[in-house]
Amino acid sequence: MQENFTSGLPFMKMHGLGNDFVVIDERAHGPVVSETLAIAMADRHKGIGFDQLVAVQDDVSADLRLVFYNADGSTAGACGNATRCIAGWEMARRGDSAALTIRTERGVLGAVDAGAGLIEVNMGHPLLDWADVPLAREMDTLELPVDGAPTATGMGNPHCTFFVPDAEAVDLASFGPGIEHHPLFPERTNVQVAQIIGPDHIRMRVWERGVGVTLASGSSSCATAVAAARRGLTGRAVTIDLDGGQLKVDWQETGVRMTGAWAHVFDGTWYGAR
């Protein structure tokens, strides 16, 4: 049975390169986010609309904790753009902080103010073993036994990257769902089509599991940068052009560092289904 927030539930709308989020600060309101609430708020006609919903929580050993929900109500272990956006907002809210630690299902991530309105997040080390992605059975993650020989990478959530001659030519809305639900991926997968522009430059488009085509994805950008470097197509530091803008990704010994812009669009109050 659905309940209503009779007194209203405050939320924020944010986006990273057009990859948009609803953010609910549970530190102020207690645990309120559920699968039902996420689905209701995700409806772009009857709700608010988002690619992901993020619950912000207190944490005993990090500055804050983030829990991610997809538009279909499922949870995700990582969301790079949302992490970057909330890090920028939290630093601005605190007023005296240029660095944060953020706990996600992925682990504790470090975020720093990179200047000029940019935030850098260390998304951690990529997961390259088949069992960690995870895949359904043992295999080499560099080239999967799928048409197009994509590369699988774990970034706290699973990714499948196809390197193609022309990323614009791929009908991602038709192509993405079949790969998302491919039997090799027991937890489904995010799907990227990537075109190598140069040794430090990639054009990429994204199908996100539980969401669909998105304008950008931070974890997908990290996975694609790692896959391109592993295959010798680029160096370890690249610029990635997404439909919504650019991200810088640098795969270092300390982890995969992602840098980009963030935006706080508006604040609102939700009175709909709980």
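Is glutamate 90 buried or exposed? In this predicted model, glutamate 90 is buried, with a relative accessible area of 0%.

## Glutamate 90 and its salt bridges

The side chain of glutamate 90 meets that of arginine 94 in a salt bridge, at 2.8 Å from N to O. Both residues belong to helix α3 (residues 80-94), where they are four residues apart, about one turn of the helix. Arginine 94 is partly exposed, its relative accessible area being 32%.

## Other salt bridges

The structure has 17 salt bridges. One of them joins arginine 188 to aspartate 72, with 3.4 Å between N and O. This pair links distant parts of the chain, 116 residues apart: arginine 188 is in the loop between α4 and β11 (190-198), and aspartate 72 is in the loop between β4 (64-70) and β5 (75-76). Aspartate 72 is partly exposed, at 31% relative accessible area.

Another salt bridge pairs glutamate 253 with arginine 236, whose closest N and O atoms are 3.9 Å apart. Glutamate 253 sits in the loop between β15 (245-252) and β16 (255-261), and arginine 236 in the loop between α5 and β14 (237-242), so the pair ties together parts 17 residues apart in sequence. Glutamate 253 is exposed at 67% relative accessibility, whereas arginine 236 is partly exposed at 37%. Through shared partners, salt bridges also join Asp25, Arg27, Asp63, Glu90, Arg93 and Arg94 into one network.

## Arginines over tryptophan rings

Arginine 236 also lies over the face of tryptophan 251, at 4.0 Å from the ring centre. Arginine 93, a member of the salt-bridge network, lies over the face of tryptophan 89, at 5.9 Å from the ring centre.

## Aromatic pairs

The whole structure contains two aromatic pairs. Phenylalanine 11 and phenylalanine 266 are edge-to-face, with centres 6.1 Å apart and 80 degrees between the planes. Phenylalanine 11 is in strand β1 (residues 9-16) and phenylalanine 266 in strand β17 (residues 263-270), so this pair ties together parts 255 residues apart in sequence. Phenylalanine 11 is buried at 7% relative accessible area, while phenylalanine 266 is partly exposed at 36%.

Phenylalanine 162 and phenylalanine 175 are also edge-to-face, at 4.9 Å centre to centre and 75 degrees between the planes. Strand β10 (residues 158-163) holds phenylalanine 162, and helix α4 (residues 172-180) holds phenylalanine 175, 13 residues apart. Phenylalanine 162 is buried at 4% relative accessible area; phenylalanine 175 is partly exposed at 29%.

## Nonpolar core

The largest nonpolar core has 47 residues, of which Met14, Leu66, Ile86, Ile240 and Leu242 touch the most other members. Helix α5 (residues 218-230) contributes the most to this core, with seven residues. Beyond its neighbours within four places in sequence, leucine 66 contacts residues including Val54, Val56, Ile86 and Ile102.

Definitions and conventions:
Residues are numbered from 1 along each chain as its sequence is written. This is a predicted model: local features need pLDDT of at least 70, side-chain atom pairs count only at pLDDT 80 or more; totals for chains, interfaces and linings use all residues. Side-chain values use heavy atoms; hydrogens and water are left out. A nonpolar core is a set of buried Ala, Val, Leu, Ile, Met, Phe, Trp, Tyr and Cys residues joined through side-chain atoms within 4.5 Å. Buried means under 20% relative accessible area, exposed over 50%, partly exposed in between (1.4 Å probe, protein chains only). Helices (H or I, at least four residues) and strands (E, at least two) are DSSP runs, numbered from the N terminus. Contact means heavy atoms within 4.5 Å. Rings of Phe, Tyr and Trp (its six-membered ring) pair if their centres lie within 6.5 Å; planes under 30 degrees apart count as stacked, over 60 as edge-to-face and the rest as tilted. A charge sits over a ring if NZ of Lys or CZ of Arg is within 6 Å of the ring centre and within 35 degrees of the ring normal. A salt bridge is a side-chain nitrogen of Lys or Arg within 4 Å of a carboxyl oxygen of Asp or Glu.
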